[in-house]
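Hi,

Here is the structure I said I would pass on. Have a look at it first, and then read on for what turned up.

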Amino acid sequence: MDPILNPFSSGTRLRDMIRAIRACKTAAEERAAIRKECAAIRTSINENDPDYRHRNLAKLMFIHMLGYPTHFGQMECLKCIASPGFPEKRIGYLGLMLLLDERQEVLMLVTNSLKQDLNHMNQYIVGLALCALGNICSAEMARDLAPEVERLLQFRDPNIRKKAALCSIRIIKKVPDLAENFVKPATALLKEKHHGVLITAVQLCADLCKVSREALEHIRKKCTEGLVRTLKDLANSSYSPEYDVSGITDPFLHIRLLKLLRLLGEGDADASDSMNDILAQVGTKTESNKVAANAILYECVQTIMSIEGNGGLRVLAIGILGKFLSNRDNNIRYVALNMLMKAVTADPQAVLRYRATILECVKDADASIRKRALELVYVLVNESNVKPLTTELVSYLETCDQDFKGDLTAKICSIVSKFSPEKIWYIDQMIKVLLEAGSFVKDEVWRALIVVISNASELHGYAVRALYKAFQKSNEQEAFTRVAIWCIGEYGDLLINNVGMLDLEDRITVTESDAVDLIEITIQCHALDFTTKAMALVALLKLSSRFPSCSERIREIIVKYKGNFVLELQQRSIEFNSIIARHQNIRSMLVERMPVLDEATFIGRQAGSLPDAGSISAGSSVSLPNGVAKPADSLVDLLDLNSNDAPAPSSSGGDFLQDLLGVDLSPAAQSGANQTSKSGTDALLDLLSVGSVSGPVESPSAQSNSSAIDILSASKSEKASVSPLDDLSSLSLSSRTTSITGAAPMMDLLDGFASTPPKSENNGTVYPSITAFESSSLQLTFNFSKQPGNSQTTNIQATFINLSSDEYTDFIFQAAVPKFLQLQLDPASGSTLPANGNGSITQNFRVTNSQNGKKSLVMRIRITYKINGKEKLEEGQISNFPRDL
Amino acid sequence: MIRAVLVMNTQGRPRITKFYEFWPVEKQHEAIRNVFSVLCSRAEHVSNFVDAESIFGPDSRLVYKHFATLYFVFIFDSSENELAMLDLIQVFVETLDKCFRNVCELDIVFNYSKIHAILDEIIFGGQVLETSSTEVMKAVEEITKLEAASNAINLVSKSVSNWRSR
């Protein structure tokens with residue numbers, strides 16, 4: 001065929017281009033081909049040859065579809081539109097719709113052309129202009145061209161009338177104020193006999209109702225009856241057979257009419273009343289297995305559910321949906337579920353009748369249907385049916401697809417925690433879920449289970465036995481393993497003695513060594529991650545106290561990990577070993593049962609989308625000296641299942657420690673403990689799993705982390721010098737003490753109550769403290785110490801004292817140093833400074849002097865704080881550092 | 001309203017794309033890729049509906065049909081009836097079939113602008129314009145005639161001018 005005679009081909013060159021692009025074997029080749037083509041088109045555009053304009057645009061549209069930039073062709077569209085010929089105009093408008101959008105300023109230029117074309121003699125050109133306007137009309141164009149479109153609603157040719165009606169929709173959506181102009185012509189169109197015009201008129205009326213309250217009232221008053229009659233006629237006989245789809249009378253018009261009736265009936269009893277009969281007729285008489293018929297029924301059901309109540313109709317509607325649910329066609333089932341979802345709010349009881357069918361849909365092979373069904377089940381659950389529904393879902397968990405398990409477990413967990421009638425049931429169900437799909441369970445979920453167990457004191461024995469029994473059969477699911485280990489460690493004594501036996505339980509005989517065996521097997525399992533292993537170590541430590549006879553064996557297991565590559569495990573192993581071996585007298589106090597975790601706070605925090613978890617994970621991972629990256633929250637998470645919200649104020653760290661150990665520290669020891677800043681305490685608290693990190697408000701995770709790092713780095717550098725038995729204490733404190741010049745004694749916290757005389761440990765030179773800054777309201781002192789083996793780096797501990805009688809809040813210390821110095825600030829011990837010197841804030845930082853010996857330290861500081869909410873700022877320069885730092 | 005019509009082949013190459021709402025070009029292509037990755041992983045004989053909210057934002061639904069090497073995808077909001085959209089895809093494909101007699105992917109590739117003419121007669125600015133393929137065919141044929149007529153005039157005038165310049 002001669003290409004020029006083919007009206008839809010823009011000459012051979014377009015075909016050639018498409019062929020060339022299709023022939024490209026790689027993406028790079030394609031890009032090159034397109035680049036070449038674009039260059040050619042640009043040149044052609046610059047030459048401004050009108051003969052090629054059409055072809056160029058056609059090519060650009062193809063290139064645009066492939067996802068390449070085509071903005072340089074935008075002006076060509078406008079030129080084409082302005083040219084007189086039909087083919088040029090057509091391609092121009094097509095390009096306008098594809099290459100431009102309503103946000104481009106170029107569009108302003110086209111308004112005039114559009115106006116002319118809307119008044120064109122040739123109705124096909126009018127059609128093109130309407131189509132373009134309907135696709136890309138902006139608010140300004142809508143205002144300018146609305147009168148033209150309004151006039152075209154009465155055009156002689158029905159094809160133009162229907163396009164004008166749809167174009168009006170775009171206009172009133174862009175400028176709702178214009179709606180009132182369109183109400184009259186739109187309602188006039190409703191009386192049309194031409195099918196296409198009628199369907200678009202109904203659509204226009206529906207959109208008018210959506211944008212304007214007055215239009216809705218008007219149409220409701222004037223047109224409801226007429227629309228009902230039209231629908232009745234349509235339902236009784238088909239009047240334009242070419243619109244019938246597989247024997248069903250014009251489903252599209254049916255649907256449009258039902259939709260408009262829905263808008264009219266919503267919130268208006270009279271209008272709803274007038275359409276009851278026809279809805280009932282459509283709902284009962286339309287009966288077929290065809291998709292088209294079901295589309296009508298589906299729309300009818302939606303209308304029935306939305307308009308003002310009629311009990312009989314609703315029953316009919318839900319009946320229809322019920323039938324849909326058992327339809328073999330997946331699509332029908334899908335829409336039925338969608339619809340039931342909406343019906344639930346109106347009439348949950350009626351929907352509940354189809355519970356069994358809906359549950360079947362949860363097991364459907366089709367992912368879309370499963371998902372909808374599961375969502376529906378989720379909203380259907382209430383206190384009375386939670387048990388059977390959960391049982392069904394849990395049993396399905398065993399057989400369902402891996403892809404679906406995530407969604408399903410999340411929903412089950414949520415249902416169980418929301419509606420569980422009793423704790424024992426909750427525990428049972430969660431154990432089942434963890435066993436079946438533990439890897440899909442979120443961390444909060446298994447933690448919540450631990451919280452619930454710990455709160456149900458009468459069920460401690462039951463829970464630990466249930467977990468033990470299940471654990472013997474399977475230890476594949478990590479989340480389950482964690483819960484089981486935690487409980488066995490915590491309630492091991494209840495396990496072996498069958499304490500708190502419930503009637504429904506079978507007696508089991510577990511010896512002490514059975515329980516230890518189980519944990520030993522677990523800890524040796526390579527598949528488990530180190531968090532679980534660390535939990536197992538804690539459990540072992542606890543069991544060593546619960547089962548004194550196994551103590552030695554447990555110690556042997558623990559000792560195996562003292563050389564572990566994972567620092568967390570190594571640390572725990574060394575520390576726990578020391579506790580078991582050396583501190584028999586306080587061990588039982590250390591590993592006493594956890595205080596009951598506060599369920600309310602936990603749940604409250606979960607509801608508040610876990611802000612704590614968020615802030616902890618924001619702390620990201622910290623790289624440790626030996627290169628092992630340690631998740632920042634592992635330490636906190638692991639032991640602090642419940643509260644890291646600082647029950648003890650930061651300054652009372654020492655007291656807290658005292659309480660905890662139940663020992664009377666000598667004054668020296670206490671001051672030592674106090675001075676060592678609370679990070680040390682944190683570490684110890686963590687260690688003993690007291691479940692409380694009393695970190696500063698700003699960054700609890702950072703604090704506990706830094707202490708963990710200090711401990712670990714200290715353990716490396718000092719292992720040689722400190723006897724293994726001193727490990728624990730030196731681990732927690734040595735790094736601190738070295739940073740406290742002279743006076744700071746090295747205290748063995750656990751040996752503290754033995755009267756070891758304070759022993760000064762310093763690394764050579766002692767530097768005097770200086771008062772770095774003093775104003776009428778604030779005093780700042782610096783204590784110095786050198787890092788052993790690194791003469792360039794100085795550790796500085798800054799102590800801030802408030803000299804005024806007002807409390808300072810939001811206390812922030814900032815420092816700046818010249819280039820030859822490097823400064824690293826640790827977090828401050830707090831942000832609130834009590835009045836009258838009744839406490840202090842300490843902050844450690846390190847300064848590295850690259851010009852050590854030549855230049856001495858110098859520093860600019862800036863301190864901001866608030867007094868009763870009022871900002872205060874103090875600045876100063878410190879140059880009185882000791883010379884040789 | 002209908003938000004977008006996508007036709008892509010089973011390799012994920014877009015064949016016809018039409019967005020009835022503003023979407024930056026890069027986003028369009030990202031969406032097409034995402035749609036394809038969902039569609040190609042779906043088994044045969046499952047429902048024609050896919051959850052599209054993750055791709056097209058809230059209140060969006062996706063219906064697709066698979067014919068030979070092509071996916072026909074309609075994306076629309078809750079004001080449209082899902083099952084009716086399925087029928088509308090059918091109308092679109094039937095019309096193409098009438099137009100090209102056993103339409104295949106190549107017809108669509110090479111008659112790109114004609115396909116757009118057909119689509120514009122079925123969907124207008126995101127609203128359903130015409131649901132009878134006979135009516136659509138009539139409108140498209142009128143346009144074809146008009147183009148042919150003016151092309152013929154061009155042809156005559158050109159040959160006349162060529163002849164004169166000789």
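Let's begin with a question: with which residue does Arg256(A) form a salt bridge? The partner is Glu80(B), and the closest N and O atoms of the two are 2.7 Å apart. Keep in mind throughout that this is a predicted model.

**Where the chains meet**

That pair sits in a wider picture. Eight salt bridges are found across the interface of chain A and chain B. On the chain A side, the residues that touch chain B divide into 33 nonpolar, 15 polar and 22 charged. Polar contacts across the interface of chain A and chain B come to 23 residue pairs, with both residues at pLDDT 80 or more. Counting contacts, 70 residues of chain A meet 62 residues of chain B. Together the two chains bury about 6,200 Å², and 57% of that is on carbon and sulfur atoms. As for the predictor's own scores, the complex gets an ipTM of 0.89 and a pTM of 0.64.

Chain B has an average pLDDT of 85, and 90% of its residues score at least 70. Within chain B, the highest mean pLDDT of any element belongs to strand β5 (residues 70-76), at 93, and the lowest to helix α6 (residues 133-165), at 71.

Chain A has an average pLDDT of 75, with 79% of its residues scoring at least 70. Residues 1-11 of chain A have a pLDDT below 50, and this stretch makes 23 contacts in the model beyond near neighbours in sequence. Then there are residues 609-764 of chain A, where pLDDT stays under 50 and the model has 236 contacts beyond four places in sequence. Where pLDDT is low, the predicted coordinates should not be read in detail.

**A salt bridge inside chain A**

Over all chains, the structure holds 41 salt bridges. One of them joins Arg333(A) to Asp364(A), with the closest N and O atoms 2.5 Å apart. This pair links distant parts of the chain, the two residues being 31 residues apart. Arg333(A) lies in helix α17 (residues 330-346) of chain A, while Asp364(A) is in the loop between α19 (355-362) and α20 (367-380) of chain A.

**Strands in chain A**

Strand β4 (residues 778-787) of chain A pairs with strand β5 (residues 790-802) of chain A in the antiparallel sense, over ten bridges. Gln779(A) has Ile801(A) in β5(A) as its bridge partner. The two strands form a hairpin with two residues between them, and in the turn Gly789(A) has a positive phi of about 80 degrees.

β5(A) also runs antiparallel to strand β8 (residues 840-849) of chain A, joined by nine bridges. Here Phe800(A) stands opposite Ile841(A) in β8(A).

Further along, strand β9 (residues 859-867) of chain A and strand β10 (residues 870-878) of chain A are paired in the antiparallel sense over nine bridges. Which residue in β10(A) is the bridge partner of Thr864(A)? That would be Leu873(A). The hairpin of β9(A) and β10(A) has two residues between the strands, and Asn868(A) there takes a positive phi near 45 degrees.

Cheers

Note on methods
Residues are numbered from 1 along each chain as its sequence is written. Chains are lettered from A and ligands numbered from 1 in the order in which they are written. This is a predicted model: local features need pLDDT of at least 70, side-chain atom pairs count only at pLDDT 80 or more; totals for chains, interfaces and linings use all residues. Side-chain values use heavy atoms; hydrogens and water are left out. Two strands pair if DSSP finds at least two bridges between them. Helices (H or I, at least four residues) and strands (E, at least two) are DSSP runs, numbered from the N terminus. pLDDT is the predictor's confidence in each residue, from 0 to 100. Contact means heavy atoms within 4.5 Å. Buried area is the accessible area (1.4 Å probe) that two parts lose on being put together, summed over both. A salt bridge is a side-chain nitrogen of Lys or Arg within 4 Å of a carboxyl oxygen of Asp or Glu. A polar contact is a pair of N or O atoms within 3.5 Å; within protein, one must be able to donate a hydrogen and the other to accept it, and residues adjacent in sequence count only if both atoms are side-chain atoms. Ala, Val, Leu, Ile, Met, Phe, Trp, Tyr, Cys and Pro count as nonpolar, Asp, Glu, Lys and Arg as charged, and the others, Gly among them, as polar.
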